[in-house]
Amino acid sequence: MTAVTRPAAGPVDPAGAAAVLRAASSVLLVGHLRPDADAAGSTLALAVALRRIGTDVVVSFGGPDPVPGLVAALDEHGLVVDSADAPEAPELLVCCDISSEQRLGDLAGRVSAAGDSLVIDHHASFTGFGNHHLVDPQEPATVTLVRAVIAELGVELDAELARPLFAGLYTDTGGFRWGGPGALRLGAELVEAGADPRTLMDAVFGTRPFAWLAAEATVLGGARRDPDAAGGAGLVWAVVDPATASRFRDQTVTLVGQLRATAGDGVAALLTETEPGQWSVSMRGTGTPDLSRVATALGGGGHAAAAGFERSAGGAEEILGPLRAELAAAAG
Ligand code: AMP
Ligand code: MN
Ligand code: MN
């Protein structure tokens, strides 16, 4: 038997994560349900790198919700399979941009079924699930950690790898608003390696159906502002109904950014009724109050300035009551 220098369970650095990956001949990579470009870009870039070193790879995203269109735009090799077709008991499970088991959706059972597991993540709300952890809440995106792991694997950066990495970096830094010079340096490296921001952003986010304009006007026209919320910082919120949510799944995610732009130092919340009685809440702020704390208290998670949670409720007021209470508590 060949000696495998696999690190013990617990925290690993990028070299340790690369050692875990090298020890596996087949890997299931999973990003969080309803993946954003960081979840999709980190899993797909790592999958392409692993394929280059001869590993068998499959990428999947937990259901029940359909995978958004941006995934297809980044999946140049058709590596993504439906969650129903993901291996039942993978040799190694790699979770990217996932802070808790629940964020694997219908793939949550793979964590205990897998022979080994590695989590690569940057959420302050990381719960500690899984075996090996490359988790750093200081990182602006999961793709920055994946970039370091790819370097440790000795795989050279090229356009194929740079594209998904750039999409994740761009999205999670709010278009390089956050992440400082390090994010811009990595961005420059990725563009030099062949990621073209214009064609990439057009392919991933650029096109929307014409009918979206009217739907967007309806949702934003219904936005409300509560100046007393969050200890006086204020709350701007809007509601997406189930029909709009299912018809315009890829588009509605952009709305919270528009609410945020009007929220000043306050908090923006988009309340999406994904199906009757089921709500998904997306929040943005300045970092004060800490939205990761607010979301965690309501059963979700995230970062200080961007977080979310899901819950069942009969109507928006049933979401807003607890949300206002947690915002007030976090504002102290
Ligand atoms: P979103 O508003 O969906 O873009 O999410 C903002 C941030 O909060 C992202 O980092 C998400 O991963 C995180 N987040 C959103 N919803 C949840 C949830 N239900 N549980 C844990 N983290 C979440
Ligand atoms: Mn994400
Ligand atoms: Mn992320």
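Predicted model: local features only at pLDDT ≥ 70, side-chain atom pairs only at ≥ 80, totals over all residues.
## Two domains

Let us begin with the overall layout. The chain splits into domain 1, covering residues 10-204, and domain 2, covering residues 212-331.

## Where the ligand sits

Where does ligand 1 lie relative to domain 1 and domain 2? Ligand 1 lies between them, because both domain 1 and domain 2 give residues to the shell around it.

That shell has 14 residues, and those coming nearest to ligand 1 are Arg-103, His-123, Ser-282, Arg-284 and His-303. Three strands supply at least two shell residues each: β10 (278-284), β11 (301-302) and β12 (306-312). The largest share comes from β12, with 5 residues.

## Polar neighbours of the ligand

Several side chains bring polar atoms to the oxygen atoms of ligand 1. For Ser-282, a polar side-chain atom is 2.3 Å from an oxygen atom of the ligand. For Arg-284, an N or O atom of the side chain lies 2.8 Å from a ligand oxygen, and for Arg-103 the corresponding distance is 3.1 Å. On its own, ligand 1 has 470 Å² of accessible area, and the protein covers 84% of that area.

## A helix with buried residues

Now turn to helix α1, which spans residues 14-22. Its buried residues are Gly-16, Ala-17, Ala-18, Ala-19, Val-20 and Leu-21. What lies over these residues? The cover on the buried part of α1 includes the helices α2 (37-52) and α5 (142-152), along with the strands β4 (92-96), β5 (116-121) and β6 (132-135).

Leu-200 is part of helix α8, residues 197-206. Is Leu-200 buried or exposed? Its relative accessibility is 6%, so Leu-200 counts as buried. Beyond its neighbours within four places in sequence, Leu-200 is in contact with Leu-74, Arg-163, Phe-166, Ala-167 and Ala-195. For a sense of scale, Val-27 is 173 residues away from Leu-200 along the chain, and their C-alpha atoms are 27 Å apart.

Gln-251 belongs to helix α11, residues 249-252. With a relative accessibility of 11%, Gln-251 also counts as buried. Setting aside neighbours within four places in sequence, Gln-251 is in contact with Thr-207, Arg-208, Pro-209 and Trp-212.

## A partly exposed aspartate

Asp-36 sits in the loop that runs between β2 (26-31) and α2. Its relative accessibility of 26% is why Asp-36 counts as partly exposed. Not counting residues up to four places away in sequence, Asp-36 touches Leu-70, Asp-97 and Asp-172.

Leu-157, in turn, is 121 residues from Asp-36 in sequence, with 22 Å between their C-alpha atoms.

Definitions and conventions. Residues numbered from 1 in each chain as written. Chains lettered and ligands numbered in written order. Heavy atoms only, no water. Near = heavy atom within 4 Å. Polar contact = N/O pair within 3.5 Å; in protein donor to acceptor, adjacent residues only side chain to side chain. Areas by Shrake-Rupley, 256 points an atom, 1.4 Å probe, with all protein chains shown as cover. Helix = DSSP H or I, 4+ residues; strand = E, 2+ residues; numbered from the N terminus. Domains from an automatic or database assignment. Buried < 20%, exposed > 50% of the residue type's maximum accessible area, 1.4 Å probe, protein only. Contact = heavy atoms within 4.5 Å.
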